Amino acid sequence: MNKKKKRKNMSKFKRFLLIYSGILAAAMIICWSVLYVFIKDYEQGRPTYAMDKITKKFTADNVQKLLNDSGVKANEFETNEKVAEYLKGKLGTEQITYKKKNREYSESNPVYVVYAGDTAIAKVSLQEDGKNGFKFTKWKLGSISFDDYSDKSTNNAITISAPKGSKVSINGVEVSDNYIKQDDVEFSPCKHVASYVSEPLRTIYEVSGLIAKPEIKAEMSGNQLEITNKNNAYTIEYPQDEELLSQMKDDIMGIARNYGKYIINRGSLSSLTKRMVGYANEYMSDIPAVWAYLYGKTYTYEFNNENISNFRKYSDNCFSCDVYYDLYVDWKDGNKTYNTSVTYTYVKTNGAWYVADFILN
């Protein structure tokens, strides 16, 4: 009887152990599950979790979609497509990383700088995206900014010096007056013509925050204007006029030769000054014939390599041009070539053309 009772008690104890073990195992599974979910929610609640997902999209294939999804608009002159093309060149095979943005990052406002290799390419701000099960804040992309992260050596802040009254565009978008840095700017070689014609002036624009190399165009009176760039300073030239140049070519070279002949005492000052007004007339009158002491001496001369360039028409009554020639002089006891470069600014007054500005280059 005792043996039966003992076996019965043992059987009950085993059942108790099994039940207890099952309950303990279930409790452990529940605890581990809760812990797993807690850790998962905690990890997903960290801003770096969102940044890891975002930076994975900084690839050549996905960057444009990332920009479009973020609703970013870099500036009024660049589309997301153009910005994406620029970023593709930066991304390449570089490793994409990120760091907290100094003086901007906070627990409630996570802000990071994204790097392609060692180059900072963008600033990313996160925003709250609700709470998870354990009430940790979830984060998503808030905004992407490229301010101060474009290639400053070639693209970022630019100035554009344009003829006043011309229409200037960047990537097909007209540059408004809001970008004017200076207006009514005088410039050489037109600083001494205001007494005779409306003085040609320039407008200087300043545009910052561009990401990619801009496509700049300018138009004036139906003419597409030439543009040069040096260290992000764009200069837009006044238009040329081949027909006017053809009409004035002989006159221009005639004055240029008379200047050369006067200097070597083979021309007269009056032949020059009668075709000049204002500043040019005064300037020319102050130039002595350097070799006037050669009066009576026999020597020969000739003009070679004559050229008119940089012809710019400012209005129907004003233009300028550069003139170059080599004045060869055979002094009989030797010879020399005088390389001569001058800039003339013509004005039309009383129905005739005169030189109003004379610059010896």
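A salt bridge is a side-chain nitrogen of Lys or Arg within 4 Å of a carboxyl oxygen of Asp or Glu. The structure described here is a predicted model, and it holds 13 salt bridges. This briefing presents some of them, including the pair formed by E206 and K181.

**Salt bridge between E206 and K181**

- E206 and K181 form a salt bridge in which the closest N and O atoms are 3.5 Å apart.
- E206 belongs to strand 9 (residues 202-207) and K181 to strand 8, so the pair ties together parts that lie 25 residues apart in sequence.
- E206 has a relative accessible area of 38% and is therefore partly exposed.

**Salt bridge between K164 and D184**

- A salt bridge joins the side chains of K164 and D184, with an N to O distance of 3.1 Å.
- This pair links distant parts of the chain, 20 residues apart: K164 is in the loop between strand 5 (158-163) and strand 6 (167-170), while D184 is in strand 8 (residues 180-185).
- K164 counts as partly exposed because its relative accessibility is 34%.
- D184 is likewise partly exposed, its relative accessible area being 43%.

**Salt bridge between D316 and K313**

- The side chains of D316 and K313 also meet in a salt bridge, at 3.2 Å from N to O.
- D316 has a relative accessibility of 58%; exposed means over 50%, so D316 counts as exposed.

Key: Residues numbered from 1 in each chain as written. Predicted model: local features only at pLDDT ≥ 70, side-chain atom pairs only at ≥ 80, totals over all residues. Heavy atoms only, no water. Helix = DSSP H or I, 4+ residues; strand = E, 2+ residues; numbered from the N terminus. Buried < 20%, exposed > 50% of the residue type's maximum accessible area, 1.4 Å probe, protein only.
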